[in-house]
Amino acid sequence: MSCSINLCWFRQDLRLEDNPALTEAARQGEVLPLYIYDEDNARAGAPGAASRWWLHHCLQKLHRALGRNLRIFRGKAEEIIPKLCRDYHLSRVYWNRCYEPWRIKRDTRLKKELRALGVEVQSFNGSLLWEPWEVLKKDGTPYKIFTPFYKAASTLGVSLHRRVLSSPQNICFAEGPSGEISVEELGLMPKICWYKTMEEIWTVGEEGARKALGLFLRKGLFCYKEGRDFPALECTSRLAPHLHFGEIAPWRVWSEVVLAKAGEDGEVLKSELAWRDFAYYLLYHFPEMPEHNMKPKFDNFPWENNQTWIERWQQGRTGYPLVDAGMRELWQTGFMHNRVRMVVGSFLVKNLLIHWRHGASWFWDCLVDADMASNSASWQWVAECGSDGAPYFRIFNPVTQGERYDPRGEYTRRFVPELARIPQKYLFCPWEAPSEVLSQGGVTLGKEYPWPMVDVKESRKKALEAYEIMTQN
DNA sequence: TTTTGAGTTGTTCGA
DNA sequence: GTCGAACAACTCAAA
């Protein structure tokens, strides 16, 4: 008889190392690893195609790492887990916490139900540097601005949950129930094979995450502060998807960066990790963030409703080379350099006056690191309706940003190859180039490459007017 | 994690 | 050689 089977429910923590729930389950006895592809997901934001592709590979890797012991189900966790507990007399259930509002609600209900069944349930922090409820202002309310949040959080120091944990050795896997379906049967892989480039670029899974961190510690970290803004350089960590799926713990990245003694570069990376935490923090304290403007006055913002414009933006045919490069990078690789994310976001929301939710949902579908907390917090930041305190209406200039952050044009030329032979001087404003320069570069505007869909100067003015109108109402 | 415009200073070039 | 227009390069403040 299996006297004590410990169910370890994997969610956004698809790793063995630094996994407090798994460590505890293994310490307690036999482990039954479980993954549920939850259909509740579909209502509250089913993962996009790129995320599903990632998840497919990630689950395969995890399954293998667990000695093919991962039990996979499809359906509602609230039904599957209590049923497993009843049918197989499981005594303990462990998981690492998630912070999406719908998941918090569900997990709270589930915990209650399991306890009523006499099952011991314990949840852990598996994905944040600081629990959202640990960092509060003196009056007990949450911070709304990053800097004071980060300051307060930093004084908390290294809490217990930020301990680095090695993978549990010799996990004793329970015989118990078998899974319902295989990873393949979840049908996460796309029908059309668009993922060739993605496969070349990413190594999915815990090992891939460690590799990415190792590479970053050797190469990118020491030019991070200066280089992270230049999309053609390889100075960013590219850890976002790995962190999203929990293939690596943020405190692992943090502690290895500290060990690397990278001075200011290390400090900047740490603060970027803290930005990620801050997004979760905001989502926890303001669960309406994915749907509603955090600054209610933005409810009056006169958004444009223009499907054609949205599509041109999505397809990278705006006529602004840096914007188009970013949108095409996203489409081809499931990723976009952070600097360029800000530029394309500002362009959609400010120059086209399209509601940030359209941008958020496109990113959600295309990004391998699509994450409810980061995605909604960042889009609200770009749209300026978020909680941060910029005292002005920030509108990026896609031409200037290109000249400043892609000064040799390598990034833009790579993703917008039709402009590869346009001289640097006109790369970001091909409409200003003399016609012989364009024809020498093999470009006719309106044919190989589009005319700019709006004028930056004019649309900027319009955005400022819209902002003015909103403020008055 | 910005942009713009105004103001200032410095340089060039032709009358 | 001198003057001033034109312009580049910079700083700063405001939004």
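Here are a few exercises on this structure, each with a worked solution.

This is a predicted model, in which local features need pLDDT of at least 70 and side-chain atom pairs count only at pLDDT 80 or more, while totals for chains, interfaces and linings use all residues. Residues are numbered from 1 along each chain as its sequence is written, and chains are lettered from A and ligands numbered from 1 in the order in which they are written.

**Exercise 1. Which residues lie around DNA strand B, and how do they divide into nonpolar, polar and charged?**

Start with the rule: a residue is near a strand if its C-beta atom, placed from the backbone, lies within 6 Å of it. The residues around DNA strand B are then Phe146, Trp275, Met342, Tyr392, Arg394, Ile395, Phe396, Asn397, Thr400, Gln401 and Arg460.

Next, sort them. Ala, Val, Leu, Ile, Met, Phe, Trp, Tyr, Cys and Pro count as nonpolar, Asp, Glu, Lys and Arg as charged, and the others, Gly among them, as polar. That sorting gives 6 nonpolar, 3 polar and 2 charged.

Now pick out Asn397 from that list. Asn397 sits in the loop between H17 and helix H18 (398–405); helices (H or I, at least four residues) and strands (E, at least two) are DSSP runs, numbered from the N terminus. Asn397 counts as partly exposed because it has 19 C-beta neighbours inside 10 Å. The cut-offs: buried takes 20 or more other C-beta atoms within 10 Å of a residue's own, exposed 12 or fewer, and partly exposed is in between, with C-beta atoms placed from the backbone. Asn397 and Arg460 are 63 residues apart along the chain, and their C-alpha atoms are separated by 8.8 Å.

**Exercise 2. At what angle do H15 and H17 pack, and which residues make the contact?**

First, the geometry. Helix H15 (residues 338–351) packs against helix H17 (residues 372–383) at an angle of about 60°, and their axes are 9 Å apart. Axes are lines fitted to C-alpha atoms, for helices over the stretch in contact, and angles run from 0 to 180 degrees between N-to-C directions. So H15 is oblique to H17: angles under 35 degrees count as roughly parallel, over 145 as roughly antiparallel, 65 to 115 as roughly perpendicular and the rest as oblique.

Second, the handedness. H15 passes H17 in a right-handed crossing. A crossing is left-handed if the near helix is turned anticlockwise from the far one by less than a right angle, and right-handed if clockwise.

Third, the residues. H15 brings Met342, Gly345, Ser346 and Val349, and H17 brings Trp379, Val382 and Ala383; being in contact means that two C-beta atoms, placed from the backbone, lie within 7 Å. They divide into 5 nonpolar, 2 polar and no charged.

**Exercise 3. How is H14 placed against H15: roughly parallel or roughly perpendicular?**

Take the angle: helix H14 (residues 321–333) and H15 pack at about 110°, with their axes 9 Å apart. That makes H14 roughly perpendicular to H15. Their crossing is left-handed.

Then list the partners. From H14 come Leu322, Val323, Ala325, Gly326 and Met327, and they meet Val340, Arg341, Val343, Val344 and Phe347 in H15.

**Exercise 4. Is Arg68 buried or exposed, and what is its phi near?**

Find the place: Arg68 lies in the loop between helix H3 (49–65) and strand E3 (71–75). Count the neighbours: Arg68 is exposed, since 8 C-beta neighbours lie inside 10 Å. Its phi is near 60°, a positive value in a residue other than glycine. Most residues other than glycine have a negative phi.

Lys261 lies in the loop between helix H11 (250–259) and helix H12 (263–285), is exposed with 8 other C-beta atoms within 10 Å, and has a phi near 50°.

**Exercise 5. Where is His337, and is His337 buried or exposed?**

His337 is in the loop between H14 and H15. With 24 other C-beta atoms within 10 Å, His337 is buried. Leaving aside neighbours within four places in sequence, His337 is in contact with Pro231 and Thr236.
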